[in-house]
Amino acid sequence: MFIRVNIEKCTGCGTCIDVCPYAAIIIKDDKAFITDACTLCGACVESCPEGAILDERGKEVEKPKDFKGVWIFAEQSQGKIASVAYELLGIGRKLADELKSELCAVLFGESDEVEELIKWGADKVYYVNSSDYTYLDDDLYSKTLVKLVNEYKPEIILAGATATGRSFIPRVAARLRVGLTADCTSLEIDKETGNLLQIRPAFGGNIMATIICPNSRPQIATVRPRVMKPGEYNPSKNGEIIKIDSLKPSGKVKVLERIEDKSFCRVNLQDAKVIVSGGRGIGGPEDFKMLWELANLLGGTVGASRAAVDEGWIPYAHQIGQTGKTVCPKIYIACGISGAVQHLVGMQSSDIIVAINKDPNAPIFNVATYGIVGDAKEIIPLIIKKLKQGVSEC
(Lines give C-alpha, C1' and ligand atoms only; values in the text may rest on other atoms or scores of the structure.)
Protein backbone atom coordinates (compact mmCIF):
# COMPACT_ATOMS: atom_id res chain seq x y z
CA MET A 1 0.00 0.00 0.00
CA PHE A 2 1.32 3.45 -1.00
CA ILE A 3 -0.65 6.43 0.32
CA ARG A 4 -0.76 9.52 -1.87
CA VAL A 5 -2.80 12.70 -2.22
CA ASN A 6 -5.07 13.34 -5.17
CA ILE A 7 -4.20 17.02 -5.72
CA GLU A 8 -7.35 17.72 -7.73
CA LYS A 9 -9.61 16.67 -4.86
CA CYS A 10 -7.52 18.07 -1.99
CA THR A 11 -8.86 21.40 -0.62
CA GLY A 12 -6.04 21.94 1.87
CA CYS A 13 -8.47 21.84 4.81
CA GLY A 14 -5.80 20.43 7.15
CA THR A 15 -8.00 17.71 8.66
CA CYS A 16 -5.38 15.09 7.82
CA ILE A 17 -2.70 17.10 9.64
CA ASP A 18 -4.76 17.10 12.82
CA VAL A 19 -5.23 13.31 12.84
CA CYS A 20 -1.74 12.25 11.71
CA PRO A 21 0.02 10.80 14.80
CA TYR A 22 3.46 11.09 13.19
CA ALA A 23 3.37 14.70 11.92
CA ALA A 24 3.99 13.28 8.46
CA ILE A 25 1.71 15.68 6.54
CA ILE A 26 2.36 19.31 5.64
CA ILE A 27 0.48 21.90 3.60
CA LYS A 28 2.35 22.97 0.50
CA ASP A 29 0.84 25.33 -2.08
CA ASP A 30 -2.54 24.94 -0.34
CA LYS A 31 -2.42 21.16 -0.82
CA ALA A 32 -1.65 18.31 1.60
CA PHE A 33 1.74 16.71 1.08
CA ILE A 34 2.82 13.40 2.70
CA THR A 35 6.46 13.31 3.86
CA ASP A 36 8.88 10.43 4.38
CA ALA A 37 7.81 10.25 8.04
CA CYS A 38 4.63 8.46 6.95
CA THR A 39 4.22 4.98 8.48
CA LEU A 40 1.19 4.05 6.35
CA CYS A 41 -1.07 3.96 9.41
CA GLY A 42 -4.03 5.07 7.28
CA ALA A 43 -5.47 7.58 9.77
CA CYS A 44 -5.47 10.33 7.14
CA VAL A 45 -7.31 8.14 4.61
CA GLU A 46 -10.21 7.60 6.98
CA SER A 47 -10.42 11.25 8.06
CA CYS A 48 -10.21 13.06 4.70
CA PRO A 49 -13.66 14.61 4.07
CA GLU A 50 -13.00 14.88 0.32
CA GLY A 51 -11.73 11.33 -0.17
CA ALA A 52 -8.55 12.83 -1.62
CA ILE A 53 -6.05 10.48 0.05
CA LEU A 54 -5.76 7.31 -1.98
CA ASP A 55 -3.49 4.41 -2.78
CA GLU A 56 -1.30 4.56 -5.91
CA ARG A 57 -3.99 2.96 -8.07
CA GLY A 58 -6.43 5.76 -7.27
CA LYS A 59 -8.68 3.57 -5.12
CA GLU A 60 -9.63 4.11 -1.53
CA VAL A 61 -7.25 2.21 0.72
CA GLU A 62 -8.86 -1.06 1.68
CA LYS A 63 -9.30 -1.66 5.40
CA PRO A 64 -8.16 -4.81 7.21
CA LYS A 65 -11.82 -5.63 7.88
CA ASP A 66 -12.33 -6.06 4.12
CA PHE A 67 -10.09 -9.14 4.18
CA LYS A 68 -11.12 -12.54 5.50
CA GLY A 69 -9.71 -16.06 5.62
CA VAL A 70 -6.40 -17.88 5.95
CA TRP A 71 -4.60 -19.14 2.84
CA ILE A 72 -1.67 -21.51 2.55
CA PHE A 73 0.37 -22.00 -0.60
CA ALA A 74 0.61 -25.73 -1.35
CA GLU A 75 3.92 -26.20 -3.10
CA GLN A 76 4.19 -29.12 -5.52
CA SER A 77 7.00 -30.73 -7.48
CA GLN A 78 6.23 -32.93 -10.48
CA GLY A 79 2.68 -33.40 -9.21
CA LYS A 80 3.63 -34.37 -5.65
CA ILE A 81 2.60 -31.92 -2.94
CA ALA A 82 5.47 -30.99 -0.61
CA SER A 83 5.18 -32.04 3.04
CA VAL A 84 5.49 -28.42 4.16
CA ALA A 85 2.00 -27.82 2.71
CA TYR A 86 0.48 -30.20 5.26
CA GLU A 87 2.45 -28.51 8.04
CA LEU A 88 1.04 -25.15 6.92
CA LEU A 89 -2.46 -26.63 6.94
CA GLY A 90 -1.89 -27.63 10.57
CA ILE A 91 -1.03 -24.13 11.79
CA GLY A 92 -3.44 -22.58 9.28
CA ARG A 93 -6.33 -24.56 10.74
CA LYS A 94 -5.48 -23.30 14.22
CA LEU A 95 -5.29 -19.67 13.08
CA ALA A 96 -8.49 -19.91 11.03
CA ASP A 97 -10.42 -21.42 13.93
CA GLU A 98 -9.29 -18.59 16.23
CA LEU A 99 -10.36 -16.01 13.64
CA LYS A 100 -13.58 -17.93 12.93
CA SER A 101 -12.78 -17.92 9.22
CA GLU A 102 -12.18 -20.51 6.53
CA LEU A 103 -8.89 -22.17 5.62
CA CYS A 104 -8.00 -22.32 1.93
CA ALA A 105 -5.12 -23.85 0.01
CA VAL A 106 -3.70 -22.57 -3.28
CA LEU A 107 -2.21 -25.14 -5.65
CA PHE A 108 -0.46 -24.39 -8.94
CA GLY A 109 0.33 -27.17 -11.42
CA GLU A 110 -1.07 -30.58 -12.33
CA SER A 111 -1.44 -32.95 -9.37
CA ASP A 112 -3.45 -36.03 -8.40
CA GLU A 113 -3.23 -35.08 -4.71
CA VAL A 114 -5.63 -32.12 -4.68
CA GLU A 115 -8.17 -33.98 -2.53
CA GLU A 116 -5.47 -34.60 0.09
CA LEU A 117 -5.40 -30.90 0.89
CA ILE A 118 -9.07 -31.09 1.85
CA LYS A 119 -8.54 -34.17 4.00
CA TRP A 120 -5.66 -32.46 5.80
CA GLY A 121 -7.81 -29.51 6.79
CA ALA A 122 -8.50 -27.13 3.89
CA ASP A 123 -12.08 -25.94 3.41
CA LYS A 124 -11.39 -24.82 -0.16
CA VAL A 125 -8.64 -25.32 -2.72
CA TYR A 126 -7.96 -22.74 -5.44
CA TYR A 127 -6.49 -24.99 -8.12
CA VAL A 128 -4.71 -23.93 -11.31
CA ASN A 129 -4.55 -27.18 -13.28
CA SER A 130 -2.02 -26.36 -15.99
CA SER A 131 1.27 -27.87 -17.14
CA ASP A 132 2.64 -24.32 -17.43
CA TYR A 133 2.90 -24.33 -13.62
CA THR A 134 4.71 -27.68 -13.31
CA TYR A 135 8.01 -25.94 -12.60
CA LEU A 136 8.52 -22.72 -10.72
CA ASP A 137 8.17 -19.61 -12.85
CA ASP A 138 8.55 -16.66 -10.46
CA ASP A 139 6.76 -14.19 -12.68
CA LEU A 140 3.88 -16.52 -13.55
CA TYR A 141 3.41 -17.74 -9.97
CA SER A 142 3.46 -14.25 -8.47
CA LYS A 143 1.09 -12.73 -11.04
CA THR A 144 -1.38 -15.58 -10.54
CA LEU A 145 -1.35 -15.39 -6.75
CA VAL A 146 -1.67 -11.58 -6.80
CA LYS A 147 -4.68 -11.91 -9.12
CA LEU A 148 -6.31 -14.34 -6.69
CA VAL A 149 -5.57 -12.12 -3.69
CA ASN A 150 -7.09 -9.07 -5.37
CA GLU A 151 -10.20 -11.07 -6.21
CA TYR A 152 -10.80 -13.02 -2.98
CA LYS A 153 -8.97 -10.87 -0.38
CA PRO A 154 -7.50 -13.31 2.16
CA GLU A 155 -6.45 -11.94 5.54
CA ILE A 156 -3.39 -14.19 5.95
CA ILE A 157 -1.15 -15.97 3.43
CA LEU A 158 1.37 -18.61 4.57
CA ALA A 159 4.01 -20.32 2.44
CA GLY A 160 6.96 -22.58 3.13
CA ALA A 161 10.38 -20.98 3.55
CA THR A 162 11.67 -23.30 0.84
CA ALA A 163 13.56 -22.50 -2.33
CA THR A 164 10.19 -22.02 -4.06
CA GLY A 165 8.59 -19.93 -1.34
CA ARG A 166 11.64 -17.75 -0.82
CA SER A 167 11.85 -17.16 -4.56
CA PHE A 168 8.37 -15.94 -5.49
CA ILE A 169 6.53 -14.95 -2.29
CA PRO A 170 8.62 -11.73 -1.91
CA ARG A 171 7.48 -10.80 -5.42
CA VAL A 172 3.88 -11.25 -4.31
CA ALA A 173 4.39 -9.00 -1.28
CA ALA A 174 6.11 -6.38 -3.45
CA ARG A 175 3.30 -6.37 -6.04
CA LEU A 176 0.68 -6.04 -3.29
CA ARG A 177 2.82 -3.48 -1.42
CA VAL A 178 2.44 -5.27 1.90
CA GLY A 179 4.92 -6.61 4.44
CA LEU A 180 6.48 -10.06 4.51
CA THR A 181 7.97 -11.87 7.51
CA ALA A 182 10.36 -14.62 6.44
CA ASP A 183 11.48 -17.80 8.22
CA CYS A 184 8.86 -17.75 10.99
CA THR A 185 9.16 -20.42 13.68
CA SER A 186 5.86 -19.64 15.42
CA LEU A 187 2.55 -18.00 14.51
CA GLU A 188 -0.21 -16.81 16.84
CA ILE A 189 -3.27 -14.58 16.77
CA ASP A 190 -3.39 -11.50 19.00
CA LYS A 191 -6.64 -12.04 20.89
CA GLU A 192 -7.30 -8.30 21.29
CA THR A 193 -6.61 -7.05 17.77
CA GLY A 194 -6.84 -10.19 15.65
CA ASN A 195 -3.46 -9.38 14.09
CA LEU A 196 -1.12 -12.20 13.14
CA LEU A 197 1.86 -12.43 15.50
CA GLN A 198 4.76 -13.52 13.30
CA ILE A 199 7.60 -14.85 15.45
CA ARG A 200 11.11 -15.43 14.10
CA PRO A 201 14.76 -15.36 15.21
CA ALA A 202 16.50 -12.00 14.78
CA PHE A 203 19.97 -10.53 15.25
CA GLY A 204 21.69 -13.82 14.43
CA GLY A 205 19.26 -15.79 16.55
CA ASN A 206 20.08 -13.91 19.74
CA ILE A 207 16.47 -12.78 20.22
CA MET A 208 13.04 -13.91 19.09
CA ALA A 209 11.21 -11.03 17.40
CA THR A 210 7.41 -10.73 17.15
CA ILE A 211 6.38 -8.87 14.01
CA ILE A 212 2.91 -7.53 13.23
CA CYS A 213 1.34 -5.84 10.21
CA PRO A 214 -1.59 -3.94 11.77
CA ASN A 215 -2.57 -1.73 8.84
CA SER A 216 -2.05 -3.70 5.64
CA ARG A 217 -3.59 -6.90 4.30
CA PRO A 218 -2.94 -9.63 3.54
CA GLN A 219 -0.43 -10.49 6.26
CA ILE A 220 2.19 -12.68 4.55
CA ALA A 221 4.69 -15.00 6.22
CA THR A 222 6.93 -17.86 5.19
CA VAL A 223 7.42 -20.71 7.65
CA ARG A 224 10.47 -22.93 8.00
CA PRO A 225 9.75 -26.58 7.08
CA ARG A 226 9.54 -29.07 9.97
CA VAL A 227 8.78 -26.34 12.51
CA MET A 228 4.99 -26.82 12.52
CA LYS A 229 3.16 -30.10 13.08
CA PRO A 230 0.80 -31.34 10.34
CA GLY A 231 -2.90 -31.09 11.11
CA GLU A 232 -5.28 -33.98 11.66
CA TYR A 233 -6.05 -36.18 8.65
CA ASN A 234 -9.76 -36.74 8.09
CA PRO A 235 -10.47 -39.05 5.12
CA SER A 236 -14.18 -38.20 5.20
CA LYS A 237 -13.77 -34.40 5.19
CA ASN A 238 -15.48 -32.59 2.35
CA GLY A 239 -14.44 -29.32 0.78
CA GLU A 240 -14.66 -27.27 -2.40
CA ILE A 241 -12.12 -27.34 -5.21
CA ILE A 242 -12.30 -24.13 -7.24
CA LYS A 243 -10.75 -24.33 -10.70
CA ILE A 244 -8.84 -21.15 -11.57
CA ASP A 245 -7.97 -20.13 -15.12
CA SER A 246 -4.26 -20.15 -15.80
CA LEU A 247 -2.31 -17.14 -17.04
CA LYS A 248 0.03 -17.22 -19.98
CA PRO A 249 3.75 -17.50 -19.15
CA SER A 250 5.78 -14.42 -19.97
CA GLY A 251 8.40 -16.52 -21.72
CA LYS A 252 11.26 -14.91 -19.79
CA VAL A 253 12.25 -18.22 -18.17
CA LYS A 254 12.01 -21.75 -19.56
CA VAL A 255 12.98 -24.95 -17.75
CA LEU A 256 15.05 -27.10 -20.09
CA GLU A 257 15.90 -29.98 -17.77
CA ARG A 258 15.51 -30.97 -14.12
CA ILE A 259 18.47 -32.70 -12.44
CA GLU A 260 18.25 -34.15 -8.92
CA ASP A 261 21.28 -33.63 -6.69
CA LYS A 262 21.96 -37.20 -5.59
CA SER A 263 24.58 -36.25 -3.00
CA PHE A 264 22.11 -33.90 -1.31
CA CYS A 265 19.36 -36.51 -1.27
CA ARG A 266 21.56 -39.03 0.55
CA VAL A 267 21.66 -36.85 3.68
CA ASN A 268 17.85 -36.54 3.83
CA LEU A 269 17.84 -34.87 7.24
CA GLN A 270 14.39 -33.34 6.94
CA ASP A 271 12.69 -36.72 6.38
CA ALA A 272 14.71 -38.66 8.97
CA LYS A 273 12.84 -40.19 11.91
CA VAL A 274 15.99 -40.37 14.03
CA ILE A 275 18.86 -37.87 14.00
CA VAL A 276 22.08 -38.12 16.02
CA SER A 277 23.77 -34.71 16.05
CA GLY A 278 27.25 -33.73 17.15
CA GLY A 279 28.70 -30.41 18.24
CA ARG A 280 32.07 -29.03 19.24
CA GLY A 281 31.87 -31.07 22.46
CA ILE A 282 32.32 -34.27 20.47
CA GLY A 283 36.02 -33.51 20.16
CA GLY A 284 36.92 -33.89 16.50
CA PRO A 285 36.03 -35.34 13.08
CA GLU A 286 37.09 -38.86 14.05
CA ASP A 287 34.50 -38.90 16.83
CA PHE A 288 31.68 -38.51 14.30
CA LYS A 289 32.30 -42.16 13.39
CA MET A 290 30.58 -43.28 16.61
CA LEU A 291 27.64 -40.96 15.81
CA TRP A 292 27.26 -42.65 12.43
CA GLU A 293 27.38 -46.06 14.11
CA LEU A 294 24.68 -45.06 16.60
CA ALA A 295 22.55 -43.51 13.86
CA ASN A 296 22.79 -46.65 11.71
CA LEU A 297 21.72 -48.84 14.64
CA LEU A 298 18.69 -46.62 15.17
CA GLY A 299 17.85 -46.38 11.47
CA GLY A 300 18.62 -42.67 11.35
CA THR A 301 21.20 -40.23 10.05
CA VAL A 302 23.73 -37.74 11.42
CA GLY A 303 23.35 -34.00 11.90
CA ALA A 304 25.65 -31.33 13.28
CA SER A 305 25.77 -27.92 14.88
CA ARG A 306 27.26 -24.96 13.06
CA ALA A 307 30.35 -25.13 15.29
CA ALA A 308 31.16 -28.64 14.07
CA VAL A 309 30.59 -27.65 10.45
CA ASP A 310 32.73 -24.52 10.81
CA GLU A 311 35.54 -26.69 12.21
CA GLY A 312 35.38 -28.77 9.01
CA TRP A 313 34.46 -31.97 10.84
CA ILE A 314 31.41 -32.67 8.66
CA PRO A 315 29.96 -31.13 5.45
CA TYR A 316 27.49 -28.25 5.55
CA ALA A 317 24.68 -30.48 4.21
CA HIS A 318 24.43 -31.94 7.75
CA GLN A 319 24.07 -28.58 9.53
CA ILE A 320 20.95 -28.07 11.63
CA GLY A 321 19.83 -24.69 12.91
CA GLN A 322 19.01 -21.18 11.78
CA THR A 323 21.63 -21.20 9.02
CA GLY A 324 21.12 -24.88 8.23
CA LYS A 325 18.13 -27.18 8.06
CA THR A 326 15.07 -27.30 10.27
CA VAL A 327 14.19 -30.85 11.31
CA CYS A 328 11.42 -32.55 13.25
CA PRO A 329 12.33 -36.21 13.80
CA LYS A 330 10.75 -38.64 16.25
CA ILE A 331 14.04 -38.78 18.19
CA TYR A 332 16.79 -36.15 18.22
CA ILE A 333 19.99 -37.01 20.11
CA ALA A 334 22.21 -33.97 20.74
CA CYS A 335 25.77 -35.00 21.58
CA GLY A 336 28.18 -32.35 22.81
CA ILE A 337 25.88 -29.53 21.69
CA SER A 338 25.51 -26.65 24.16
CA GLY A 339 22.18 -25.46 22.75
CA ALA A 340 22.65 -21.96 21.36
CA VAL A 341 19.35 -20.43 20.22
CA GLN A 342 20.55 -20.59 16.59
CA HIS A 343 20.65 -24.39 16.88
CA LEU A 344 17.49 -24.74 18.94
CA VAL A 345 15.28 -23.07 16.32
CA GLY A 346 16.23 -25.85 13.92
CA MET A 347 15.36 -28.85 16.12
CA GLN A 348 13.28 -27.90 19.15
CA SER A 349 10.05 -29.18 17.59
CA SER A 350 11.39 -32.78 17.60
CA ASP A 351 9.10 -35.25 19.39
CA ILE A 352 11.77 -36.56 21.78
CA ILE A 353 15.05 -34.74 22.48
CA VAL A 354 17.90 -36.54 24.23
CA ALA A 355 20.76 -34.28 25.32
CA ILE A 356 24.24 -35.50 26.28
CA ASN A 357 26.56 -32.80 27.63
CA LYS A 358 29.22 -32.43 30.31
CA ASP A 359 27.88 -29.05 31.40
CA PRO A 360 24.77 -29.46 33.61
CA ASN A 361 23.86 -25.81 32.90
CA ALA A 362 23.96 -26.15 29.11
CA PRO A 363 20.87 -24.51 27.48
CA ILE A 364 20.16 -27.73 25.55
CA PHE A 365 18.77 -29.26 28.74
CA ASN A 366 16.01 -26.61 28.80
CA VAL A 367 14.38 -28.18 25.73
CA ALA A 368 15.46 -31.80 26.29
CA THR A 369 12.98 -34.56 27.06
CA TYR A 370 15.79 -36.59 28.61
CA GLY A 371 19.18 -35.26 29.71
CA ILE A 372 22.42 -37.07 30.44
CA VAL A 373 25.21 -35.12 32.13
CA GLY A 374 28.51 -36.64 31.07
CA ASP A 375 31.12 -36.96 28.35
CA ALA A 376 29.48 -37.96 25.05
CA LYS A 377 32.63 -39.84 24.08
CA GLU A 378 32.09 -42.14 27.05
CA ILE A 379 28.29 -42.38 27.00
CA ILE A 380 27.69 -43.00 23.29
CA PRO A 381 29.89 -46.16 23.14
CA LEU A 382 27.88 -47.52 26.09
CA ILE A 383 24.60 -46.87 24.25
CA ILE A 384 25.99 -48.53 21.13
CA LYS A 385 27.08 -51.56 23.19
CA LYS A 386 23.62 -51.93 24.77
CA LEU A 387 21.90 -51.61 21.41
CA LYS A 388 24.12 -54.30 19.90
CA GLN A 389 23.42 -56.57 22.85
CA GLY A 390 19.72 -56.07 22.33
CA VAL A 391 20.03 -56.91 18.62
CA SER A 392 22.05 -60.05 19.30
CA GLU A 393 19.55 -61.25 21.93
CA CYS A 394 16.74 -60.87 19.40
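**Interior and sheets**

Mentor: Leaving out residues up to four places away in sequence, Leu158 touches Trp71, Ile72, Phe73, Leu88, Ile91, Gly92, Leu95, Leu187, Leu196 and Ala221. Contact means heavy atoms within 4.5 Å. This is a predicted model, in which local features need pLDDT of at least 70 and side-chain atom pairs count only at pLDDT 80 or more, while totals for chains, interfaces and linings use all residues. Residues are numbered from 1 along each chain as its sequence is written, and side-chain values use heavy atoms, with hydrogens and water left out.

Trainee: Which residues have the most contacts inside the largest nonpolar core?

Mentor: They are Ile72, Leu95, Leu107, Leu117, Val125, Leu158 and Leu187, in a core of 32 residues. A nonpolar core is a set of buried Ala, Val, Leu, Ile, Met, Phe, Trp, Tyr and Cys residues joined through side-chain atoms within 4.5 Å. Buried means under 20% relative accessible area, exposed over 50%, and partly exposed in between, with a 1.4 Å probe and protein chains only.

Trainee: Which elements each supply at least two residues of this core?

Mentor: Among them are β5 (70-74), α3, β8 (103-108), α4 (114-119) and β12 (186-189). Helices (H or I, at least four residues) and strands (E, at least two) are DSSP runs, numbered from the N terminus. Helix α3 gives the most to this core, with nine residues. A second, separate core of 25 residues includes Trp71, Tyr126, Ile157 and Ile242.

Trainee: Why is α3 described as largely enclosed?

Mentor: Because 12 of its 17 residues are buried, α3 is largely enclosed by the rest of the structure. The buried residues include Val84, Tyr86, Leu88, Ile91 and Leu95. In general, nonpolar side chains tend to be buried together in soluble globular proteins.

Trainee: How far apart are the end C-alpha atoms of α3?

Mentor: They are 25 Å apart, which agrees with the 24 Å that the 17 residues of helix α3 (residues 83-99) should span at 1.5 Å a residue. The expected span is 1.5 Å times one less than the number of residues. After α3 comes Lys100, whose phi is positive, near 55°.

Trainee: Which strands does α3 lie across?

Mentor: Helix α3 lies across β12 and β13, running at about 10° to β12. Axes are lines fitted to C-alpha atoms, for helices over the stretch in contact, and angles run from 0 to 180 degrees between N-to-C directions. Those two strands belong to an open sheet of three, in the order β12-β13-β14, with antiparallel pairing. Two strands pair if DSSP finds at least two bridges between them. Four bridges join β12 to β13 (residues 196-202), and the bridge partner of Ile189 in β13 is Leu196.

Trainee: What about the five-strand sheet: is its pairing parallel or antiparallel?

Mentor: The pairing is parallel, and the order is β18-β17-β19-β20-β21. Strands β18 (301-304) and β21 (370-373) stand at the edges with a single partner strand each, so one side of each is left without a neighbour in the sheet. The twist averages 20° from one strand to the next. Strand β20 (residues 352-357) pairs with β21 over four bridges.

Trainee: Changing topic, is His343 buried or exposed?

Mentor: His343 is buried, with a relative accessible area of 6%. The residue lies in helix α10 (residues 341-344).
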